[in-house]
Amino acid sequence: MSEYNIRPATPEDTDTLVKIALNEWKAIYEGYRQQMGDELYFTFFPDCNADKEAQIRRNVAAGNCFVTECDGKIAGFINYVYSEAEKIGTISNNAVSSEFRGRGIGPRQYEFIFDRLRSLGAIAVKVTTGLDEGHAPARRAYEKAGFSANTKSITYYKKL
């Protein structure tokens with residue numbers, strides 16, 4: 001039986017979290033590239049890896065990023081933002097390493113954040129994800145965590 005622990009991310013965790021994020025977002029960015037074509041893709045995402053790394057580093061520095069350890073190894077992470085004025089939480093960057101998928105880590109992370117947001121006074125939480133195939137695992141995880149109401153949207157891109 002595996003032992004799980006969710007704890008605040010530390011600066012020492014950052015490189016591992018970046019590695020997980022870059023690996024888990026590969027399919028997403030490749031899907032964007034296929035959908036948009038190279039010219040538009042590289043216009044809007046000139047260095048997606050550097051952008052994702054910067055996001056993760058900011059999340060850790062902000063103190064609202066948590067890691068999930070499985071048997072002492074970092075298996076995933078989750079970040080949230082809370083608006084006290086609106087009493088709404090937003091789950092942002094989160095991932096489970098492919099090495100640990102299927103072990104219920106995603107739902108554990110979401111429940112942890114739900115509890116944390118409730119303790120802050122939140123009345124609702126939201127998460128945004130893509131409708132492309134690269135985001136399919138995220139959509140399944142969010143639905144399993146109880147997210148059900150959603151709005152559909154699409155982003156259009158045009159080179160000028």
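## Helix packing, ring pairs and selected residues

Helix α1 crosses helix α4 in a right-handed sense. The model is predicted, and its local features are reported where pLDDT is at least 70.

**The α1–α4 contact**

Two packed helices are described by the angle between their axes and the distance between the axes. For α1, which spans residues 14–24, and α4, which spans residues 48–62, the angle is about 140 degrees and the axes are 9 Å apart. Angles over 145 degrees count as roughly antiparallel. The two helices are therefore classed as oblique to each other.

On the α1 side, the contact is made by Thr14, Asp15, Leu17, Val18, Ala21 and Leu22. Their partners in α4 are Asn49, Lys52, Glu53, Ile56, Arg57 and Val60. By residue type, the contact of α1 with α4 contains six nonpolar, two polar and four charged residues. An α-helix has 3.6 residues a turn, so residues three or four places apart point the same way.

**Aromatic pairs**

The count of aromatic pairs comes to 10. Two of these pairs are described here, with the geometry of each listed in the table.

| Pair | Centre to centre | Angle between planes | Class |
|---|---|---|---|
| Phe66 and Tyr80 | 6.3 Å | 20 degrees | stacked |
| Phe114 and Phe147 | 5.7 Å | 65 degrees | edge-to-face |

Phe66 and Tyr80 form the stacked pair. Phe66 belongs to strand β2 (residues 65–70) and Tyr80 to strand β3 (residues 73–83), so this pair ties together parts that are 14 residues apart in sequence. Both partners are buried: Phe66 has a relative accessible area of 3%, and Tyr80 has a relative accessibility of 7%.

For Phe114 and Phe147, the planes stand at 65 degrees, so the pair is edge-to-face. Phe114 is part of helix α5 (residues 105–120), while Phe147 sits in the segment after α6 (136–144), so the pair ties together parts that are 33 residues apart in sequence. Phe114 is buried at 9% relative accessibility. Phe147, with a relative accessible area of 18%, is also buried; the cut-off for this class is under 20%.

Ring pairs also link Tyr29, Tyr32, Tyr41, Phe42 and Phe45 into a cluster.

Glu69 is another residue of strand β2. With a relative accessibility of 15%, Glu69 counts as buried. Leaving out residues up to four places away in sequence, Glu69 touches Glu3, Tyr4, Asn5, Arg7, Ile74 and Ala75. Glu69 and Leu160 are 91 residues apart in sequence, and their C-alpha atoms are 46 Å apart in space.

The loop between β2 and β3 holds Asp71. The phi of Asp71 is positive, near 50 degrees, although the residue is not glycine. In the loop between β3 and β4 (88–96) lies Lys87. Lys87 is likewise a residue other than glycine with a positive phi, near 60 degrees. The relative accessible area of Lys87 is 36%, so this residue is partly exposed.

**Helix α6**

Which residues of α6 are buried? Ala136, Ala141 and Tyr142 are buried in this helix. The elements that cover the buried residues of α6 include β4, α5 and β5 (124–127). Of the buried residues, Ala136 has a relative accessibility of 5%. Ala136 and Ser83 are 53 residues apart in sequence and 27 Å apart in space, C-alpha to C-alpha. After α6 comes Gly146, where phi is positive, near 100 degrees.

**Lys26 in helix α2**

Is Lys26 buried or exposed? Lys26, which lies in helix α2 (residues 26–36), has a relative accessibility of 53% and counts as exposed. Between Lys26 and Leu131 there are 16 Å in space, C-alpha to C-alpha, with the two residues 105 apart in sequence.

Definitions and conventions
Residues are numbered from 1 along each chain as its sequence is written. This is a predicted model: local features need pLDDT of at least 70, side-chain atom pairs count only at pLDDT 80 or more; totals for chains, interfaces and linings use all residues. Side-chain values use heavy atoms; hydrogens and water are left out. Axes are lines fitted to C-alpha atoms, for helices over the stretch in contact, and angles run from 0 to 180 degrees between N-to-C directions. Helices (H or I, at least four residues) and strands (E, at least two) are DSSP runs, numbered from the N terminus. Angles under 35 degrees count as roughly parallel, over 145 as roughly antiparallel, 65 to 115 as roughly perpendicular and the rest as oblique. A crossing is left-handed if the near helix is turned anticlockwise from the far one by less than a right angle, and right-handed if clockwise. Contact means heavy atoms within 4.5 Å. Ala, Val, Leu, Ile, Met, Phe, Trp, Tyr, Cys and Pro count as nonpolar, Asp, Glu, Lys and Arg as charged, and the others, Gly among them, as polar. Rings of Phe, Tyr and Trp (its six-membered ring) pair if their centres lie within 6.5 Å; planes under 30 degrees apart count as stacked, over 60 as edge-to-face and the rest as tilted. Buried means under 20% relative accessible area, exposed over 50%, partly exposed in between (1.4 Å probe, protein chains only).
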